[in-house]
Amino acid sequence: MPREDAVSRMLLRGGRVIDPASGRDMMADIGIEDGRIAMVAPSTPSSGDDVVFDVTDLLVTPGWIDAHVHLRDPGQTHKEDLVSGATAALAGGFTRMCCMPNTIPPLDTPEAIRDIVRRSASTGVRIHPIGAISIGRSGQRIAPLREMAQAGAIGFSDDGDSTIDEDVMREALALSIKLNRPIMAHCEDPALARPGSMHRGSISKELGDAGIPAEAEESYIARDIALAEETGGWLHVLHVSTVRGARLVRDARKRGVRVTAEVMPHHLTLTHEWVTGRKRFAGESTVVLQGGLDTNAKVNPPLRPEEDALGLISMLVAGEFDFMATDHAPHAEQDKTDTLSTSAFGMTGLEVAIPTMTRLIDRGLLDWPAVVALFTSRPATTLGLPGGSLAEGSVADITVIDPAREWIVSRSTLHTRSANTPLLGLTARGRAVLTIVGGEARHNELS
């Protein structure tokens, strides 16, 4: 909804405009009028009516899209809610996000979907709900997918758990053809994963944890690909964390299976060593912080060994993933206990996505146009979402990034209600300094 300080004309002057959807990477000004992009040009004089932002030395991109977040609303709003999640998204440079249905109660009815659509309209961020595949996310009976799609669901998932019953998954995939909505699968065999808290390997053995084997994820990726191949449905594999899992997706695509997939920044840069408090980024030699057990690094799928992190980067560069997302999973401090087995799975991600990707860019593994595409045009195109472009006439959803800005990741610098990230205490580089939604500056840190 419009704010009292909304303006009808705005000019972003002197930035590096990166718009993968149009192939632009140039120094340019962007003019905004009545909430839409009026022009992108090398140099433009301003009128007296313009609000001018000097974005020299900054990156100007389409508004970032996070296609996988947990907003805990309804039912666990002490961890996050639509408003606090939107505030965190804007601070992280995201103008649009898709929220998962593992709420209390789950988003498994058209009424629940309509409620999210209605309440999100006043948050300042464009929020798209994802409906549950099964009633109660129990994996046993299919939810009313058609009615939820009509109410505004952009896809369906039992994320947090796999859909156990193969017949339910088969029916959902068959319906995906008619609805043109993805079935977004959390792939994990619960029998293999239980009762582990982290990747099964040398570190879990050291800590005395049963561990979650890579096979728990990979076996269900294979199962769900087989069902997609059988039905012709649209399978989207969530948060792939192993190289073998990514290869299963790649090989299925080569066979003509309709399968898309995403990867998360933390699975590219962090390893299972982080659970011990030994904070060393994958592919780097320096330990930036050595502490004790850090349950903020407990996430599902778990952080894997370095060879998986580096292998996933290579596969990302090779084009094997459709887009990136954060799997933002906020938990209150009391949910992240000091005991690995009792601590909740998940870490926040909305506000640390940009500095995490900056780290990979600084190492020469990716470049800004590729990263911007993975968080803008690629999720928009893959999921059929609006946005992801700076084309003239399009809605002015814009993210301005200072790639050189350094900041300390702390509870005071994060806007999410829950600060459960293993990056706490570290110096990050790269930050969204201006986030514009519909031509309104919703987050502004420009000095």
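Me: Leaving aside its neighbours within four places in sequence, which residues is Asp189 in contact with?

Reply: In this predicted model, those partners of Asp189 are Ala216, Ser219 and Tyr220. Asp189 itself is found in the loop between β9 (183-185) and α5 (190-193).

Me: Is Asp189 buried or exposed, and which side chain of opposite charge is nearest?

Reply: Burial is read from relative accessible area, with under 20% as the cut-off. Asp189 is buried and yet has no salt bridge; Arg194, the nearest side chain of opposite charge, is 7.3 Å away.

Me: Which backbone nitrogen lies 2.9 Å from a polar atom of the side chain of Asp189?

Reply: That nitrogen belongs to Ala191.

Me: How many salt bridges does a search of the whole structure find?

Reply: The search finds 32. One of them pairs the side chains of Arg417 and Asp81, at 2.9 Å from N to O.

Me: Where do Asp167 and Arg170 lie?

Reply: Both belong to helix α4 (residues 166-179), at a spacing of 3 residues, or about one turn of the helix. Asp167 is exposed, with 52% relative accessibility, and Arg170 is partly exposed, with 23%.

Me: What is the N to O distance in the salt bridge of Arg253 and Asp322, and which elements hold the two residues?

Reply: The distance is 2.6 Å. Arg253 is in helix α8 (residues 243-254) and Asp322 is in the loop between α10 (306-317) and β14 (323-324), so this pair ties together parts 69 residues apart in sequence. Arg253 is partly exposed, at 26% relative accessibility, but Asp322 is buried, at 15%.

Me: Which residues do salt bridges that share partners join into one network?

Reply: The network consists of Asp73, Asp115, Arg118 and Arg119. Here the reading moves from individual pairs to shared partners.

Methods:
Residues are numbered from 1 along each chain as its sequence is written. This is a predicted model: local features need pLDDT of at least 70, side-chain atom pairs count only at pLDDT 80 or more; totals for chains, interfaces and linings use all residues. Side-chain values use heavy atoms; hydrogens and water are left out. A salt bridge is a side-chain nitrogen of Lys or Arg within 4 Å of a carboxyl oxygen of Asp or Glu. Helices (H or I, at least four residues) and strands (E, at least two) are DSSP runs, numbered from the N terminus. Buried means under 20% relative accessible area, exposed over 50%, partly exposed in between (1.4 Å probe, protein chains only). Lys and Arg count as positive and Asp and Glu as negative; His and the chain ends are not counted. A polar contact is a pair of N or O atoms within 3.5 Å; within protein, one must be able to donate a hydrogen and the other to accept it, and residues adjacent in sequence count only if both atoms are side-chain atoms. Contact means heavy atoms within 4.5 Å.
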